[in-house]
Amino acid sequence: MNWICSFITTYKKHTAYLFLNLFVIVSFAQTASLSLSGIVTDSKGNLLSGVNVIIQESTKSAITDESGKFSIPAGAGDILSFSLSGYKTITKELGKNVSELNISMTELDYGDTEQDLVPVAYSNKNKRYLTSAISTTSSEDFAKRKDLNTMNNLAGLVNGLIVMSTGWADTGLGTSFYVRGLKTTNSNNSPLILVDDVERTFGQLNVNEIESISVLKDAGALAIYGNRGANGVVLVRTKRGNIKKRDIIINAQVGMSEFQRMPAILNAYDYSRLYVTAQSLDGISSENLKYSDPAILGYKNVVDGVSNADKYKYPNVDFYQDFLKPITKQQQYDLTMTGGTDVAKYFVLLGYMNQEGAYKYGDNSFSRVNFRSNIDVQLNSNLTTSMNMSGRVENQNTPGGHYAYELFGQFASTPSNAYPIFNEDGSLGGTSDFTDDNPYGLMNRSGERNQTNRFFNADIQLKLNLSDLIKGLSWTGKGGIDFYDGVIKQLTGKFATYQLLDDGTYTNNGTIDEAKTTNFWYTGKDRKFSLYTSFNYDKNWKNSRLNASTLFYMRELNSSGIAVPYKTVGFATQASYALKNRYILDGTLSYTGSENFARGHRFGLFPAISAGWIISEESFLKDNQALSFLKLRASYGTTGLDKPFSDRFLFREKWGTVTGYSFGVSPTYKDGVDIVRSGNNNLKWETSIKSNLGIDLGFLNNTLSFTIDGFIDNRKDILVKRSASTSSTSGISLPYENFGETKSWGFDSELSFDKQINKSLHLTVKGNIMLTKSKIINIDESEKTYSYQYLTGNSIDQPFGYVSNGFFTQDEITRRSEGNFTAEEIEMGYDVIQNGGNIHAGDIKYVDTNSDKIIDWNDAKAIAGSSVPQLIGGLSLSLKYKDFDFAAQLVGMGKRYIYMPGTYMNNFNGGGNATAYALQAWTPETASTAIYPRLSISNNSNNQFYSDFWFRNGAFIKLKTIEIGYSLPAKLIKGIGISKIRTYVNGYNLFCFDYVNDFDPEDTEAGFSRYPFQRIITIGMNVVF
Amino acid sequence: MKKLNFKILFVALLSIIVTSCENYLDPGYDEFLDKEEVFSSYDYSLKYVRTVYSYLPGTDFSEAFMSDEAKNTDTKSSYVEMNNGAWNSRNYVGSWTWSHYYAGIRRAHIFLENVDSAIFVTDNTLKLTPELNDTLRKQYKGEIRFLRAFFYFELLKRFGDPTRNLGVPILPDNLLSNDSTDYKRSTYDECVNQILIDCNAAEKVLPVRWYSSDYGRVSKAAILALKSRLLLYVASPLANPTNDIEKWKTAAEAAKTIIDLKVYKLIDKSTVQADNMLSIFTKPNNDEVIFCNQVEQSNSFEKNNLPPSFGGSGQTNPTQNLVDAFETILGYPITDSKSGYKPNEPYYRRDKRLDYFIGLNGATINSTGKIESYVGGKDGFNIALTSTKTGYYIRKFIDPNADIIKNRTIATHFWVYFRYAEILLNYAEAMANAYGVSSVPAGYSLSAYDALKLIRDRVGLTTPAIVKTLPVNEFLERIKNERRVELCFEGHRFWDVRRWKQGDLYFNGTIKGMKITKAVTTGYLYDIIDVENRVFENKMYIMPIPYDEVQKSKLLEQNTSW
């Protein structure tokens, strides 16, 4: 009872204290104080300049000058801290009547700084004692990226993590993560994402509330996650308060964004001109061509801007230009308060972001408010509590209620000459070929949609020191709740369009204008609950140390629309033993269960073992001047993947509602019921056996460090249905079985150089590179006639298709119709029957892989490769010179292939739209220089075959960021209560170097069904009070 | 002792934790249905019956676009390859039917295996007796057996090769739910036999015709109609190269059984004249339709097929080849000098069905107005991508009540599988082959000629006396033409031409269209134009079994030359 009372009193006291801190934002109340001065030196007695001297929980600070001197107003009881990059921070409480203080600072060793604490599952670990492969990036690096989606901002920054952005949807969503490449032939290759150790997303978190993002890559780090760790884990840690002076930080930034690359659509003149060329090449006689010569001239006049041109009869619309703003505005403001004492620490953030919509018409924008309050309170000497609360509200307005894919789809698929946006009489233009699709109508006359998503998370954690019971023992308990709901309010209307006929009258297309209707619905409601508890034991002996913990966790997600909540439960125990500060042995054993499998097959054991040897501690290396750190690491163990796709309770035979049938004279449709999935009680998770070998190196007092890891991941028991190998005569699809197998391997490495070159110049260079490969060892496939047809043996996601071999020449077409080929002609494949029907000169010719004189699917073989890169890299440079700072970040991907966007491939197909590629297409005149096949308005299936012709090298290097900043000199702002003012200019997504010019290599759909990537120029200011 | 207790406690505690965790992860049994639940509930048993029905073919025009009936206006559709000869076992548009009908057959098997536990009477039915439930079980069993037979027929018609006596695989009874199946093809005769066995068993337990809320269920008449069609196919030249007369007699007999029922008849002349024969296809439970797909309220047919200026996609463009098959009102083909056909007034005094079935230039088809398919007219060539390519639009099945422009969706549709007119035509064809043009064997009441005349009289088409005296082979061509006209767009032509072995004659060559130009003064000028060149090869009499299916099976033999 006593204990509880003391808890409450302490809690009250400190809460009150905290609130005082939070709301009395800047306290200028100067306590009576003396002036303290002194000299700072290093351990060898050299004078240190630039040392930051602050008084905790105040706004007072000072910096040592060139002779190591400082002076600061301080009084008895003040806590001073001395910090300098490369040295251990020193804290000192000032005694009575002290006016002079000399400090000696010691240099840092590997693993000594706070940054050297690496996040691991449920805790942090000193880098020195780490035996597994984990890479981390801090907010300092990714906060320089200005993407709305924080997930996109990680590209190239974390060693071993592939980040692929899929253009921007309206809300900036769309990122795929792959840790060390593709692993399974099933759809789920994504890592588990945890924010503060709870399963949450972080795409819409404010970059300034995130402390670090780490990627856990090997069995040593992942086994603890049991059947959910196989694809890796991304751990996000939010910022917490530190024991230091109280900071109030205001960030403000305004950005201007423009679309980087737009699809190159033909103008009306080129469209009509080439359309008839295509028709002629199809063999359509000249009197049946769609556009007459005067009509083509009409389009030409409009395109050339001839003054009396009839733009209503001969419209020329550039949809991208007419419906998108050239520049949109992005703003972000946030206010952070952070600080702390021995007793209580806090981090509070309030942020607002607003992205102006890109469409010219209709109400469109996206805004977001984020808040976070992370508080740690030491309640008594044995009990610490941490409380995290965070939330956000996202609000989006969409014109006409149309998603980006609908509007961009319209821009991309409508020919420039299809119709004028407005007819001469003011009505909306349109044709029966493009009913209801006038973008002005879509944006302005078909209503609007407002979507609001609200998120709220709260965690509370208690940490109880049980040293009184057993020395070194502690207990941690944590509970969390997450709420989400989303609401859509939509106004829907329909509009009519009108087409001008030859006789000057208009014909109405589609439905006539209708009254708008309002709808309101919830898009979802989630309630998540998580629980975590662990006992930890730490013991240090003279020569060795042991750290052990045993833990239990569970999670439950209730979502509207699902009957049974998603559940996760697991136990794990871990131990780490270090001997003589150089031999480290870690072991993990977890026991986790999954709802996806049958009773008796639910739980599994996932062991891992890892070891490290710090060779630089050995006597023969200890005094080496150049090599300051050398560690060898190795790990081996298993993890699993229990949800290779979104389907649940995979073991059970599932019956459900299917299409039914109605009887009776008047239709009374009723549902049917059917087996929708066969069951398999023996089903289990996919098993991943991971091996990792790593070397960590530090040179020149660790200013230069290098890490390289080689890995092999063997994925077994992949869930596969035998459908490709089973006849459809069975009439029913077979259940999943655990028989697929893949292997992936590669290396990842990172290099970092961080040095204060001289008094005024600080240089940091970081780079990483990863190369991976994968191979299918076993998969569901039928027996093949030719060995090159097997998926087995190829990489995961390997495309199969025809191999192209240039275009047919007119000569060959003529000779083919004559027959009696010469030996030389047979050598050139004149006698090979092409499977695409009527072949004309200029059509794509394919290679007869199996030499059976006919081109059919038996000739398809492995071509190009996956769009998920096998090679990734990132390079960041940052410089600080006096009050200026500069940063540049490059991101690259290689060994990947992309399939050309449909609009580029299908010029005029079925009378559809055409792109600039049509200008380079084959015609009898351009036969020798053409790089695209013959144009055709019909479905020229021969040229559409899935072949290497349409694949492009998808490698690229993007200049993601350049930032130049200037901080006002400390002298200038001294005394006005401000400790720092920094202004900066930032360019994001500035350039892309690649093999394609007219679309984005990272996401080929960008501009066609999604927002194109945006280039953003931002100016901003940080003020620290 | 103390140590032991601790161990026991520990083990007990551990097992409690592990068990409770297992329990925690149990989904609970409300999440999914299972088989036992389905076949022990009134609601679900009936729903399962509906599931099997749902595998019946729906409105399917694809075969019209691959025959000489029509061209699909969509130039990027897969019919381009189907018609230019570039199709194969990978892209045959009917490939889906293989897995679709086998899925239907497997579901029929599952039903028949579990029907004994199925419940078909609700608790609140006053007459809840085991006997009643038994009767209903038998009835549903009959319906499902017919459906299985129908599915096999659809497979056999496509993939069966009677010339090599190769059918499709027949699934054995009592398959376990997870059995994988790789079966070799049964013979053509075995398949025919299997269909007949199911039909014969089913016809005993089902009423001749269903009414009101049961309308659309399998009846005895539907079963007899399937038998009639099957036996006609079996007797036809493709499957009967030796022209075994017995086979024609059996086919004639099968058609006769339906005629003798006297439950179905042709809808009378005045009714069909009043609404362009639409009552057959849009008024449920009429006396002509023997079996059809579910009745639906929808305007999607109109949306797909009305001309562009009517808000439709002008999908089906009837060919000049088909238009030319309609005789003149005098009852002669337009090629016959006695027909009175005038090429400069091609639609004048023709078989009325031409106007009923084909959307001709100038026709008023709904309140939106007239079709203008002349060059420059709002539905003429090249006005829109969906404009006609042949000069014609389809009119058969189009309900004038459905107005796309005004978004009125009042239209009743159902896809007819069997109607009495087909039975008469089956009868006429089989009778002529078996007994000659006008003979009426003992026990029969109609000659081939009589049956043909019934069809023609109903639309007011004269049958010249000379027809009765034609030699059998010439008379047969008249029947074939009658079938082509009367049953156009109903999914027959593609298969009829094949079973007659006349692919080369009708499907290999040019599809024609009509270019209609406004004359300088009044009226129009008509020019027949080439629209598309069609390729037919010998192998195309039989459809290719889907590539993947042959690839993954060790036993399945592909059809010749595919």
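A contact here means heavy atoms within 4.5 Å. Keep that in mind for the last view; the model in these figures is a predicted one.

**View 1. Strand 30 of chain A pairs with strand 29 and with strand 31.** Start with strand 29 (residues 583-594) and strand 30 (residues 603-614) of chain A, which run antiparallel and are joined by 11 bridges. Now follow strand 30 to strand 31 (residues 627-641) of chain A: this pairing is antiparallel too, with seven bridges.

View 2. Look for A:S610 in strand 30 of chain A, where A:D586 stands opposite. In strand 31 of chain A, A:S635 is the bridge partner of A:S610.

**View 3. Nonpolar side chains form a surface patch of about 1000 Å² on chain A.** Among the residues that make this patch are A:W541, A:Y577, A:L585, A:W613, A:Y636 and A:I695. Strand 28 (566-579), strand 29, strand 30 and strand 31 of chain A each give two or more residues to the patch. A:L585 belongs to strand 29 of chain A.

**View 4. Chain B has 21 helices and 12 strands**. The C-alpha trace of chain B spans about 120 × 60 × 55 Å along its principal axes. Chain B has 562 residues, and 59% of them count as buried. Its accessible surface is about 22000 Å², with 53% belonging to carbon and sulfur atoms. Of the contacts in chain B with a separation of 6 or more, 70% are between residues 24 or more positions apart.

Notes: Residues numbered from 1 in each chain as written. Chains lettered and ligands numbered in written order. Predicted model: local features only at pLDDT ≥ 70, side-chain atom pairs only at ≥ 80, totals over all residues. Heavy atoms only, no water. Pairing = 2+ DSSP bridges. Helix = DSSP H or I, 4+ residues; strand = E, 2+ residues; numbered from the N terminus. Patch = residues over 30% accessible without salt bridge, like charges linked within 9 Å, V, L, I, M, F, W, Y side chains within 5 Å. Areas by Shrake-Rupley, 256 points an atom, 1.4 Å probe, with all protein chains shown as cover. Salt bridge = Lys/Arg side-chain N within 4 Å of Asp/Glu carboxyl O. Buried < 20%, exposed > 50% of the residue type's maximum accessible area, 1.4 Å probe, protein only.
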